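Walk through this fold with the coordinates open.

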Amino acid sequence: MRQKLLLTLFALCIPWCAWADVEINGIYYNLVQKAKIAEVTNGGTTGRYSGDIVIPASVEYEGVTYSVTSINSNAFRECYYLNSVIIPNGVTSIGNYAFWSCYSLTSIEIPNSVLSIGESAFNGCSSLASVEISNNVTSISSFAFRGCSSLTSVVIPNSVTSIGRDAFCRCI
């Protein structure tokens, strides 16, 4: 009886929680079908992306348009040959370890829509030289920019009310 109840609850949850992992124009997304939102992901493989990436504000899949709202945890993790990323306005969060160890990343544009930068989001991005954090970011998590040894300029707006432990550790 208990197993039947769990299966029934799971079946009821599917329409509310449905998502798909798809590749659209070289970028992988989790599509949250009910909410019509897309979250950038790594498609199950770290180190997948290279070069210059421009994330669109929205994507279309099977005739449905999804708004891109987040860079998920580990999305660009260990993409050693990733040079730059342009994040569209509309993305509200950059997940934990999102750009961890992207050694060649020299440029990132963080739009005003971003509210939070996750733990170790840019940890180990040793070529990243400057960062301008948007006016709407309220928190920078622990180790967010740790090991960004080329970082020479950081602009942190007054909107930031918390900066996690060692957020800028080992930045020269």
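Predicted model: local features only at pLDDT ≥ 70, side-chain atom pairs only at ≥ 80, totals over all residues.

Asn25 sits in the loop between β1 and β2. Its phi is positive, about 50 degrees, although Asn25 is not a glycine.

Tyr97 also has a positive phi without being a glycine, here about 60 degrees. The loop between β8 (93–94) and β9 holds Tyr97. With a relative accessible area of 28%, Tyr97 is partly exposed.

Now turn to a sheet. Three strands form an open sheet in the order β4-β7-β9, and their pairing is parallel. β4 (51–54) and β9 (107–109) are the edge strands, each pairing on one side only. Neighbouring strands here are turned by 15 degrees against each other on average, direction ignored. In general, the strands of a sheet pair through backbone hydrogen bonds, either parallel or antiparallel. β4 and β7 (residues 82–86) run parallel and are joined by four bridges. Within this pairing, Ile53 stands opposite Val85 in β7.

What follows β4? The loop between β4 and β5 (58–61) contains Ile55. Is Ile55 buried or exposed? Ile55 counts as buried because its relative accessibility is 3%, and the limit is under 20%. Leaving aside neighbours within four places in sequence, Ile55 is in contact with residues including Ile27, Val40, Ile71, Phe76, Val85 and Pro88.

The largest nonpolar core has 44 residues, and Ile71, Phe76, Phe99, Phe122 and Phe145 touch the most other members. β1 (19–24), β2 (27–32), β3 (37–41), β6 (64–71) and β7 each supply at least two residues of this core.

Take Phe99 as one example. Not counting residues up to four places away in sequence, Phe99 touches Ile71, Phe76 and Phe122, among others. Val85, the residue opposite Ile53, is also among the residues that Phe99 touches.

Last, the confidence scores. The chain averages a pLDDT of 87, and 88% of the residues score at least 70. Over residues 4–19 the pLDDT is below 50. Beyond near neighbours in sequence, that stretch has eight contacts in the model.

How values were computed. Residues numbered from 1 in each chain as written. Heavy atoms only, no water. Pairing = 2+ DSSP bridges. Axes fitted to C-alpha atoms, helices over the stretch in contact; angles between N-to-C directions. Buried < 20%, exposed > 50% of the residue type's maximum accessible area, 1.4 Å probe, protein only. Contact = heavy atoms within 4.5 Å. Core = buried A, V, L, I, M, F, W, Y, C linked by side-chain atoms within 4.5 Å. pLDDT = per-residue confidence, 0-100.
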